[in-house]
Amino acid sequence: MASSSLPPQERVSRIEKQALWIATLFTALTIALIAYSVFALHASVPTCMPNMPVFKHGSIIKHGDKNYEVDFLARMWRFEPSKVVVPVGSTLDVAVTSKDVTHGFQILGTDVNLMALPFVLTTGHVHFDKPGIYHIVCHEYCGAAHQNMNALIEVSNQVDDISAEGLPSLDAAHALADAKGCLACHSTDGTVTVGPSFKGLWGQTSQLADGNTRMVDASFIKSMILHPEATPIKGFDPVMPAQALTDDEIDQLTTYIQELQ
Ligand code: CUA
């Protein structure tokens, strides 16, 4: 046989060349299949953006007629929002992140199958042209009540616009701020009283009594609630008492301040 008459080095290099060709062929085939599923079958390719500023609460955003963005916050053991109703023919950009541990996020019956990770934004895209109930499940084991972690999207021909349930309510946050006594010293209409107004506070640069500055963000609000004595604000008497609020309550107040821009 011709090949066995070749010197051993050349026989090896021939086998290597064959292996390289096979590998190249499979790589090209894989790329072609991905391209085919994206362009011909319109499969959505999930994207993952680590180290992006992520949202702290779920929300629904209208981008145009029947064109919406839904930000789902996964947390033990529910999704926020828990139910979204959209009209038939809607296109949804879905963004997912987690408040605590790793969760899964799959909209059954669609191509959207994502992971929900803390500090990471994953996104998907889905178009609904048939009415029906589309269940959302967490498919990553996330603790005791993992099996109860679900939500749903209802695609309906009875509605004209998007609506959602299970989102944090501003009324509830206002009631909380009132119940905890915050509103005695912080107005919500821009009037400066004992303390700065909540209105327009978010994102501002606070001048501290010690000459430093701090941006009003979630971490500063948290530290001002738990340890106001640590960072007195210039121009205000340091009379704010520390408030023993839970993380959830602090989150609600943070969202409240954020919404009062
Ligand atoms: Cu969340 Cu399983």
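Is Cys-142 buried or exposed? Cys-142 is buried, at a relative accessible area of 8% (buried is under 20%, exposed over 50%, partly exposed in between, with a 1.4 Å probe and protein chains only). Keep in mind that this is a predicted model: local features need pLDDT of at least 70, side-chain atom pairs count only at pLDDT 80 or more, and totals for chains, interfaces and linings use all residues. Residues are numbered from 1 along each chain as its sequence is written, and side-chain values use heavy atoms, with hydrogens and water left out.

**Cysteines**
- Searching the whole structure turns up zero disulfides (a disulfide being a pair of cysteine sulfur atoms within 2.5 Å).
- Cys-182 is in no disulfide, and the nearest cysteine sulfur, on Cys-185, sits 9.1 Å away.
- Cys-182 is also buried, with a relative accessible area of 13%.

**Domain layout**
- The protein splits into domain 1 (3-39), domain 2 (47-165) and domain 3 (170-259), with bounds from an automatic or database domain assignment.
- Taken over C-alpha atoms, the centres of domain 2 and domain 3 are 31 Å apart.

**Where domain 2 meets domain 3**
- Four residues of domain 2 are in contact with four of domain 3 (heavy atoms within 4.5 Å).
- About 400 Å² is buried between domain 2 and domain 3, and carbon and sulfur atoms give 41% of that; buried area is the accessible area (1.4 Å probe) that two parts lose on being put together, summed over both.
- Lys-56, His-57 and Lys-99 supply 86% of what domain 2 buries against domain 3, more than any other three residues.

**Charges at that interface**
- Three salt bridges are counted between domain 2 and domain 3 (a side-chain nitrogen of Lys or Arg within 4 Å of a carboxyl oxygen of Asp or Glu).
- Asp-251 and Lys-99 pair up through their side chains in a salt bridge, at 2.2 Å from N to O.
- On the side of domain 2 that touches domain 3, the residues come out as no nonpolar, one polar and three charged (Asp, Glu, Lys and Arg count as charged; Ala, Val, Leu, Ile, Met, Phe, Trp, Tyr, Cys and Pro as nonpolar; the others, Gly among them, as polar).
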